[in-house]
Number of protein chains: 2
Amino acid sequence: MAEMAKRIIMTRFPQGMPDHEDLKLEDCPVPAPGDGELLLRTIYLSLDPYMRGRMTPAKSYAAGVEPGDVIVGGTVAEVIESRNDKFNAGDIVLSGNGWQTHAVSDGTGLVKLDAGAAPLPWYLGVLGMPGYTAYIGLLSHGRPKEGETIVVSAASGAVGQVVGQIGKIKGCRVVGIAGAQDKCDYVTGELGFDACVNYKDADFTEQLKVACPDGIDVYFENVGGDVLKAVLPLLNDFARVPVCGMIAHYNDTAPPDGPDRLPQLWRMILTKRISVRGFIVFDDTSKQPDFVRDMAGWLKSGEVKYKIDVVDGIENAVEAFQGLLIGKNRGKLVVKVGEEPG
Amino acid sequence: MAEMAKRIIMTRFPQGMPDHEDLKLEDCPVPAPGDGELLLRTIYLSLDPYMRGRMTPAKSYAAGVEPGDVIVGGTVAEVIESRNDKFNAGDIVLSGNGWQTHAVSDGTGLVKLDAGAAPLPWYLGVLGMPGYTAYIGLLSHGRPKEGETIVVSAASGAVGQVVGQIGKIKGCRVVGIAGAQDKCDYVTGELGFDACVNYKDADFTEQLKVACPDGIDVYFENVGGDVLKAVLPLLNDFARVPVCGMIAHYNDTAPPDGPDRLPQLWRMILTKRISVRGFIVFDDTSKQPDFVRDMAGWLKSGEVKYKIDVVDGIENAVEAFQGLLIGKNRGKLVVKVGEEPG
């Protein structure tokens, strides 16, 4: 009997939190590569909040996932059969296989990895898209100056933990916001953040104020919602707000009740001369070489550490993704879809 | 009998639209300059929407007006008595006398004007603070590129008319938004805007869409409110929104009813990678020499024209100011407080 592949299809646009009816695991034949193509076996699949944004008919910055499609996603994979001169069986590559065990590629966009140089999941995290997101978001858009206060939400997440550590390297006071005590303990104890506040605490707003005695100069936004509500009054004149994500709202089905806070926000942007800027990592790849050089150096020196949360088996991807959207993960979330080679 | 002066005092913080009880005209003695000081006679007083923002106990970018204070404001004035070596009686100066016929100054911040070079009110408009606001707001924050679409609200106002004309000079499609047909006719007929839409028309949102077939790349924000609501869905990816004012909300006494549109705005900022930036003219004076050079050239060549709305007599200032806040003025609003010399 031929080996079977597994994949997860979006059967329909989810309403609110995606469930197993929306995202369905199915068996399928292993695809066969044609001339010039190669067959990839997924080892690690990255799970990221942005994926929820793709599962909607609303216009976004990237093509959405349509009903019937395999869900998109970054992967580390092994070439197991090559009919392409540029790749050999056994090569480990960064690819975009999505939520499936096998994929065929013509080689476009694949990046060969040095499997011995770093733990493989790091290429989906600190050395990959989340790391570069943190790097350009903080440095190009946040533009922190020594001595300023940076607040980062989703502080222990794939992007947040890197933002905070770069902030410390740049000489700033760094305050994290997370949704669990152990996450806060991790970023202050292990990563060197100056403080971290649990947004689920009843007195969160007060705690945040205490943690930011000089106000907030840079707010790296990953979440929106109540966290944003607490941050806004603390923003200093000329504060910068890189908007990287808004995980609190990805499952919204309708605008929240009033009052309408948009006019107040607008007034604050004006009177405090605040700069708010949305960005995504693919908009500016020009700093990629700087990023690779800097980050490799910081990882080597130990100035940057990185925590990975590995979930075993593609059959657990949907539940892991649901957990990600409510903050259950501890560090960058990846699914181990297949074994690492020998 | 000694000559008397007149001044307008803010007796208390206005609730909503300021009235004659809030802003009270009173007689007072003409003040006497001490050693090193000079006595100024106000000729023109500038009326600007930002003044409403000062009449509140809420924190803003500048010191507020306190109950009992003369209201702040830029003025063109004549030195009528000088005990200061640097000034002579008869000098015409740009000053900040506020809403009063006479003021004493020690000379700090006064700028001598060449009275013959331009109509005196221009120094409170196209050659002054509103002109420089338009210049840095559009060029430094809006960063328009040739062929892009600029939308400017309060299009025929002190700032808006300059924004649009600079936009045309830079090769952009310029669409104004104003609240009266004659204002729209003025900016398209006299100032060369490509289109102008009346936000009081029932089908305003549809008209704006038609006027911006390629979407909006720069939205120069002077008003907020319903105009902003119509603009937001038309913003293109990477749109820039310099926030200069929000006249629709200066008299708000409470946040408007819901739904809360802030999360939607936040999502749009993210997915379209929009940049929103509040600014005020005093933050960056470094471009002032460029501004004076460019604007003098454009006025001379006729590429920039400027409309002034002169109201006669300080006793009419409060009513003129109320009119300004609801859009009654036609062009930059100034009060003629005293006669021009000679």
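This is a predicted model: local features need pLDDT of at least 70, side-chain atom pairs count only at pLDDT 80 or more; totals for chains, interfaces and linings use all residues.
**The contact between chain A and chain B**

Q: Which element supplies the largest share of the side of chain A that touches chain B?
A: Three elements of chain A each supply at least two residues of this side: β12 (235-243), α7 (262-271) and β13 (275-278). The largest share amounts to 9 residues, and the element that provides it is α7(A).

Q: How many nonpolar residues does the side of chain A that touches chain B have?
A: The contact takes 40 residues from chain A and 40 residues from chain B. By class, the side belonging to chain A has 8 polar and 10 charged residues, and its nonpolar residues number 22.

Q: About how much area do chain A and chain B bury between them?
A: The size of an interface is often given as the accessible area lost when the parts come together. Here 67% of that area lies on carbon and sulfur atoms, and the total for chain A and chain B is about 3,900 Å².

Q: Which residue of chain B stands opposite A:Arg277?
A: Strand β13(A) is joined by 3 bridges to strand β13 (residues 275-278) of chain B, and the two run antiparallel. Within this pairing, the residue of β13(B) that faces A:Arg277 is B:Ser275.

Q: Why can the copies be said to meet through the same surface?
A: Chain A can be laid on chain B with an RMSD of 0.0 Å, by a turn of 180° and a shift of 0.0 Å along the axis. The two copies are thus related as by a two-fold rotation axis. They meet through the same surface because the share of interface residues of chain A that are also interface residues in chain B is 100%.

Q: In chain A, which residue has the C-alpha nearest the axis?
A: A cis peptide bond, with omega about 5°, joins this residue to A:Pro259, which is found in the loop between β12 and α7 of chain A. In chain B, the peptide bond from B:Gly258 to B:Pro259 is also cis, with omega near 5°. The C-alpha in question lies 1.6 Å from the axis and belongs to A:Gly258.

Terms used. Residues are numbered from 1 along each chain as its sequence is written. Chains are lettered from A and ligands numbered from 1 in the order in which they are written. Side-chain values use heavy atoms; hydrogens and water are left out. Contact means heavy atoms within 4.5 Å. Buried area is the accessible area (1.4 Å probe) that two parts lose on being put together, summed over both. Helices (H or I, at least four residues) and strands (E, at least two) are DSSP runs, numbered from the N terminus. Ala, Val, Leu, Ile, Met, Phe, Trp, Tyr, Cys and Pro count as nonpolar, Asp, Glu, Lys and Arg as charged, and the others, Gly among them, as polar. Two strands pair if DSSP finds at least two bridges between them. Copies are superposed by least squares on the C-alpha atoms of residues with pLDDT of at least 70 in both.
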